[in-house]
Amino acid sequence: MLTFGMITLTRPDPAVLRNGLPAERPVFAAPWEAQAFAMAVELNQRGLFQWQEFADLLSEELLAAGTAQDGEDYYRHWLRALERLTAAKGFITEPERAQRQAAWDAAAKATPHGEPIALEKAARGGR
């Protein structure tokens, strides 16, 4: 279970739900999922968008073809909805987003396994 202000989240285990029994597992499978969630909450709390705007885009992403039925890709859709919303609001242009994605990809490749990814490593060629 995870709580943000008055929002409490749990992720039900689909296998257990099929049997009609309540069960919970961690809300976030990886740190980036929590970060994506926190970014959306923070931007909303700063008044940069209405929650319904985000919810509408998230719904579109979740209903798109190829969505995993077990919810495994839920936060990928969450992140994509956030990317779409920030672009629509003009917070970032598509070339800026692509440039930042390329910088993160380069930094990830330059970072030894187990170390935190830092953009500075990509700029220094992994040193």
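**Core.** A nonpolar core here is a set of buried Ala, Val, Leu, Ile, Met, Phe, Trp, Tyr and Cys residues joined through side-chain atoms within 4.5 Å, where buried means under 20% relative accessible area, exposed over 50% and partly exposed in between, with a 1.4 Å probe and protein chains only.

**Basis.** I note that this is a predicted model, in which local features need pLDDT of at least 70 and side-chain atom pairs count only at pLDDT 80 or more, while totals for chains, interfaces and linings use all residues. Residues are numbered from 1 along each chain as its sequence is written, and side-chain values use heavy atoms, with hydrogens and water left out.

**Chain.** I counted through the protein chain and noted 6 helices and 4 strands, in the order β-β-β-α-β-α-α-α-α-α from the N terminus on; helices (H or I, at least four residues) and strands (E, at least two) are DSSP runs, numbered from the N terminus. Of the 127 residues in the protein chain, 24% are buried. Among contacts (heavy atoms within 4.5 Å) between residues at least 6 apart in sequence, 39% join residues at least 24 apart.

I then took Phe-37, which is placed in helix H2 and is buried, its relative accessible area being 2%. Between Phe-37 and Leu-79 the C-alpha to C-alpha distance is 8.0 Å, although 42 residues separate them in sequence. For Phe-54, leaving aside neighbours within four places in sequence, I listed contacts with Ala-40, Phe-49, Trp-78, Ala-81, Leu-82 and Leu-85.

Ser-59 is found in helix H3 and counts as partly exposed because its relative accessible area is 37%; its C-alpha is 8.6 Å from that of Ala-81, 22 residues apart in sequence. His-77, in helix H4, counts as buried because its relative accessibility is 12%. Neighbours within four places in sequence left aside, His-77 is in contact with Leu-58, Glu-61, Leu-62 and Thr-67.

**Loop.** I found Asp-73 in the loop between H3 and H4, buried at a relative accessible area of 9%. Not counting residues up to four places away in sequence, Asp-73 touches Gly-66, Thr-67 and Ala-68, and Asp-73 and Leu-62, 11 residues apart in sequence, are 9.1 Å apart from C-alpha to C-alpha.

A pocket, on a 1 Å grid over the protein atoms alone with a 1.4 Å probe, is an open set of points with protein on both sides within 12 Å along at least five of seven lines, and lining residues have an atom within 4 Å of a point; grid points are joined across faces, edges and corners, and a volume is the space filled by probe spheres set on the points. The lining has 20 residues, of which Met-39, Leu-79, Glu-83, Arg-100 and Trp-104 lie nearest the centre of the pocket, and the elements that give two or more residues to it are helix H2 (31–45), helix H4 (74–88) and helix H5 (94–110). By class I noted 11 nonpolar, 3 polar and 6 charged residues in this lining, with Ala, Val, Leu, Ile, Met, Phe, Trp, Tyr, Cys and Pro counted as nonpolar, Asp, Glu, Lys and Arg as charged, and the others, Gly among them, as polar. Domain 1 (26–92) and domain 2 (93–127) each give at least three residues to the lining of the largest pocket, the bounds coming from an automatic or database domain assignment.
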